[in-house]
Amino acid sequence: MQRRLGTTARADRFYADQVLDHLNARMREFVACQEMFFLATADRHGECDSTFRAGPPGFVQVLGDRLLAYPEYRGNGVMASLGNLSENPRLGILMVDFTRYRIGLHVNGRARVVLDEEMRAHHPGLPVDPVPGRRAQLWVVVEVEEAYIHCSKHIPHFQKVPATERRARAWGTDDVKRKGGDFFGSAAEAERRPPFRRPQRGTEHLRGGLHEDVPDSDQRRPARGDVAAELNEEFLDRVDAVLARAQPRRPGEDGPEFRGWFDRRDG
């Protein structure tokens, strides 16, 4: 594509100047300050999912120049990202500072899933979050393979709402209204449409070929010894153990002032 569009020279300069196989000192400082990031994963067929992660500053832990980790909090139970990672350990992270530097950082690499207690046994200095809905059940540990800048020219400049004007966030809640309700009207239409079903896929790849890492005799299961297969086997056991121990939240622990993510009174 670079050759077709005549951008090869520019791209080569970018690779040479900006793309690292580790996090340098300034990147590590940047990561340690972030309160959110965007996460991209794909399953073994290459079908993609993108999502959003947030937490207090420093919720993404920098464990070294080639290693970082982020917590998985209690969510909607779909486990789209973790499910993808159980089949395909590749992920892409984009952190964007909208308020101060107006700059972004891409981190691409390979992931593995670790139970919270296991993570703390190896990293005893990890902070314990006092908010129940922000207590990690799992951690995703990322081995950094690429790190590079996302330039500022198209990043909007946001301002933080003063603390006195913010509404409390309902971390970990199952209350439908506090999670945003049926903002897009999908639930209201549910009775008038057939239930959603993911397409069943066998050996096909989105590009039309078979998977390079799957033997012809066992297309539905990655080869033994493959990183994705090992991750999948360990991951399912770990998730079962974590979810079996998960306790429901106590009513009211998020504070009564929260009115939902999309309060109609906001206009």
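Start by selecting Thr41 together with Asp49: in this predicted model, Asp49 of β2 is the bridge partner of Thr41. Now widen the selection to residues 36–42, which make up strand β1. Strands β1 and β2 run antiparallel, and seven bridges join them.

Next, bring the whole sheet into view. How many strands does the open sheet have, and in what order do they lie? There are seven, with antiparallel pairing, and you can walk across them as β2-β1-β5-β6-β7-β4-β3. To find the edges, select 48–54 for β2 and 61–64 for β3; each of these edge strands pairs on one side only. As background, strands of a sheet pair through backbone hydrogen bonds, either parallel or antiparallel.

Now for two backbone stops. Select 90–97 for β5 and 103–115 for β6, then go to the loop between them, where you will find Arg102. Arg102 is not a glycine, yet its phi is positive, near 50°. Is Arg102 buried or partly exposed? Its relative accessibility is 26%, so Arg102 counts as partly exposed, since that class lies between the 20% and 50% limits.

For the last stop, show β4 (67–72) and α4 (80–87) and pick Met79 in the loop between them. Met79 also has a positive phi, about 60°, although Met79 is not a glycine. With a relative accessibility of 29%, Met79 counts as partly exposed.

Technical notes. Residues numbered from 1 in each chain as written. Predicted model: local features only at pLDDT ≥ 70, side-chain atom pairs only at ≥ 80, totals over all residues. Heavy atoms only, no water. Helix = DSSP H or I, 4+ residues; strand = E, 2+ residues; numbered from the N terminus. Buried < 20%, exposed > 50% of the residue type's maximum accessible area, 1.4 Å probe, protein only. Pairing = 2+ DSSP bridges.
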